[in-house]
Amino acid sequence: MTEDTTPAETVDPADQTVEVRENPERQRFDILVGGRQAGFATFTTPAENPDDQRIFYHTVIDDAFGGRGLAGVLTRGALAASVEQGKRIVPVCPYVARWVRGHDDFADSVDRVKSVHLEAVRAANAEADGTAS
């Protein structure tokens, strides 16, 4: 997954506490299991009205933590925190888009994906890759 991931086999089996935590410096939400990084959901904001929306565009759960429903826990936690902060959700990530279709409790907080959102994702990816101009 990433360099800051700890394999599941090093997690204390007695401590399986699951925590979703915002990581604003990296524009993502992290999910931790037993204090160990298990995955993340990245977001960006549109250039126009950046304080209004969060564009979720990539969700990752390390294979070592798979099969536990952690992607759903991460998505619910990230979206709930975002809505609580007054943000609208733009689900570009296929997993997040599928998840919100199955969870009507977020329907009033979801905006349709537009070209401006896709451009923001391209810019975020270019910045992460070091190819931003």
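Colleague: Before we get into the charged pairs, what counts as a salt bridge here?

Modeller: A salt bridge is a side-chain nitrogen of Lys or Arg within 4 Å of a carboxyl oxygen of Asp or Glu. Please keep in mind while we talk that this is a predicted model.

Colleague: And how many salt bridges does the structure hold?

Modeller: There are six salt bridges in the structure. One of them joins D30 to R28, where the closest N and O atoms are 2.6 Å apart.

Colleague: Are D30 and R28 buried or exposed?

Modeller: D30 has a relative accessible area of 6% and is therefore buried, and R28, at 4% relative accessibility, counts as buried too, since buried means under 20% relative accessible area.

Colleague: What else does R28 do with its charged end?

Modeller: The charged end of R28 sits over the ring of F40, at 4.5 Å from the centre of that ring.

Colleague: What about R122, where is its partner?

Modeller: R122 forms a salt bridge with E119, with 3.2 Å between the closest N and O atoms. Both residues lie in helix α3, three residues apart, which is about one turn of the helix. In general, an α-helix has 3.6 residues a turn, so residues three or four places apart point the same way. R122 is partly exposed at 49% relative accessible area, and E119 is partly exposed as well, at 42%.

Colleague: While we're on α3, which of its residues are buried, and what covers them?

Modeller: The buried residues of α3 are H117, A120, V121, A124 and A126, and what covers them includes β3, β4 and β5 (88-91). Just after this helix, G130 takes a positive phi of about 80°.

Colleague: What end-to-end span does α3 have?

Modeller: The end C-alpha atoms of α3 (residues 115-129) are 21 Å apart, and that agrees with the 21 Å its 15 residues should span at 1.5 Å a residue.

Colleague: And α1, what does that pack against?

Modeller: The buried residues of α1 pack against β1, β2, β3, β4, β5 and α2; those buried residues are L70, A71, G72, L74, T75, A78, L79 and S82. Just after α1, G86 takes a positive phi of about 85°.

Colleague: Switching to the aromatics, how many pairs are there?

Modeller: A search of the whole structure finds four aromatic pairs. In one of them, F43 and F56, the ring centres are 5.7 Å apart and the planes meet at 50°, so the pair is tilted. This pair links distant parts of the chain, with F43 in strand β3 (residues 36-44) and F56 in strand β4 (residues 53-61), 13 residues apart. Both F43 and F56 are buried, and ring pairs link F29, F43 and F56 into a cluster.

Colleague: Which residues touch the most other members of the largest nonpolar core?

Modeller: Of its 18 residues, F29, A38, F56, L70, L79 and V96 touch the most other members. The elements that give two or more residues to this core are β2 (28-33), β3, α1 and α2, and α1 gives the most, with four residues. Leaving aside residues up to four places away in sequence, V96 touches F56, T59, T75, L79 and P91. There is also a second, separate core of six residues, which includes I55, A120, V121 and A124.

Colleague: One last thing, which residue has a positive phi although it is not a glycine?

Modeller: That is Q27, with a positive phi of about 50°. Q27 is placed in the loop between β1 (18-23) and β2, and at 32% relative accessibility Q27 counts as partly exposed.

Key:
Residues numbered from 1 in each chain as written. Predicted model: local features only at pLDDT ≥ 70, side-chain atom pairs only at ≥ 80, totals over all residues. Heavy atoms only, no water. Phe/Tyr/Trp six-rings, centres within 6.5 Å; stacked < 30°, edge-to-face > 60°. Buried < 20%, exposed > 50% of the residue type's maximum accessible area, 1.4 Å probe, protein only. Lys NZ or Arg CZ within 6 Å of the ring centre and 35° of its normal. Expected span 1.5 Å × (residues − 1). Contact = heavy atoms within 4.5 Å. Core = buried A, V, L, I, M, F, W, Y, C linked by side-chain atoms within 4.5 Å.
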